[in-house]
Amino acid sequence: MIELICISCPVGCNLAVELNDDDIKVDGHKCMAGVKYAKEELKNPTRNIATSVRVVGGDMAMLSVKTSRPIPKGAIQAVVDAVHQVTMTAPVMIGDVVLADAAGTGVDVVATRKIRGNVFK
């Protein structure tokens, strides 16, 4: 038996998961999101990444960024390493692609805030 805590919603159900060949049995869920989470976590675990990159010429020195959708758990370090090599030039708008196809995952990293050009030149 595998024990998981569901992260699909704030309830955080304690899940008990049994895996028999291709059959996955999930107990402890309060909704079907828990079943879906457990099955995905066993078959293909994914995570969203949020971090920051440097900005030049902006009203702030750092820009918050995130993956546009979850990436395979095994690709986390490669994506973070690739993102930390990026430096953006202001201005930057929310949703701007900071890094396309991050580490070959097919997932873009996008800006999550607006950075204005430096007004004190």
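Modeller: Two strands count as paired when DSSP finds at least two bridges between them. In this predicted model, that criterion gives an open sheet of 3 strands in the order 1-2-3, with antiparallel pairing. Strand 1 (2–5) and strand 3 (23–27) are the edge strands; each has a single partner strand, so one side of each has no neighbour in the sheet. From one strand to the next, the twist averages 30°.

The pairing of strand 1 with strand 2 (residues 14–20) is antiparallel and runs over 4 bridges.

The domain assignment places residues 2–43 in domain 1 and residues 50–111 in domain 2. Taken over C-alpha atoms, the centres of domain 1 and domain 2 are separated by 30 Å.

The other sheet to consider is also open, but it has 5 strands in the order 8-5-6-10-9, and its pairing is mixed. Its edges are strand 8 (87–89) and strand 9, each with a single partner strand, so one side of each is left without a neighbour. On average, neighbouring strands here are turned by 45° against each other, direction ignored. Within this sheet, strand 6 and strand 10 pair in the antiparallel sense over 3 bridges, and Thr67 stands opposite Val109 in strand 10. Helix 2 packs on the sheet and touches strand 5, strand 6, strand 9 and strand 10. Its direction makes about 15° with that of strand 5.

Val109 also has contacts beyond its neighbours within four places in sequence, among them Val65, Val79, Val83, Val98 and Ala102. In the largest nonpolar core, which holds 21 residues, Val109 is one of those that touch the most other members, along with Val53, Leu63, Met88 and Val98. Two or more residues of this core come from each of strand 5 (50–56), strand 6 (62–67), helix 2 (76–83), strand 9 (97–99) and strand 10 (109–111). Helix 2 gives the largest share, 3 residues. A second, separate core has 10 residues, including Leu4, Cys6, Cys13 and Ile24. In soluble globular proteins, nonpolar side chains tend to be buried together.

Definitions and conventions
Residues are numbered from 1 along each chain as its sequence is written. This is a predicted model: local features need pLDDT of at least 70, side-chain atom pairs count only at pLDDT 80 or more; totals for chains, interfaces and linings use all residues. Side-chain values use heavy atoms; hydrogens and water are left out. A nonpolar core is a set of buried Ala, Val, Leu, Ile, Met, Phe, Trp, Tyr and Cys residues joined through side-chain atoms within 4.5 Å. Buried means under 20% relative accessible area, exposed over 50%, partly exposed in between (1.4 Å probe, protein chains only). Contact means heavy atoms within 4.5 Å. Domain bounds come from an automatic or database domain assignment. Axes are lines fitted to C-alpha atoms, for helices over the stretch in contact, and angles run from 0 to 180 degrees between N-to-C directions.
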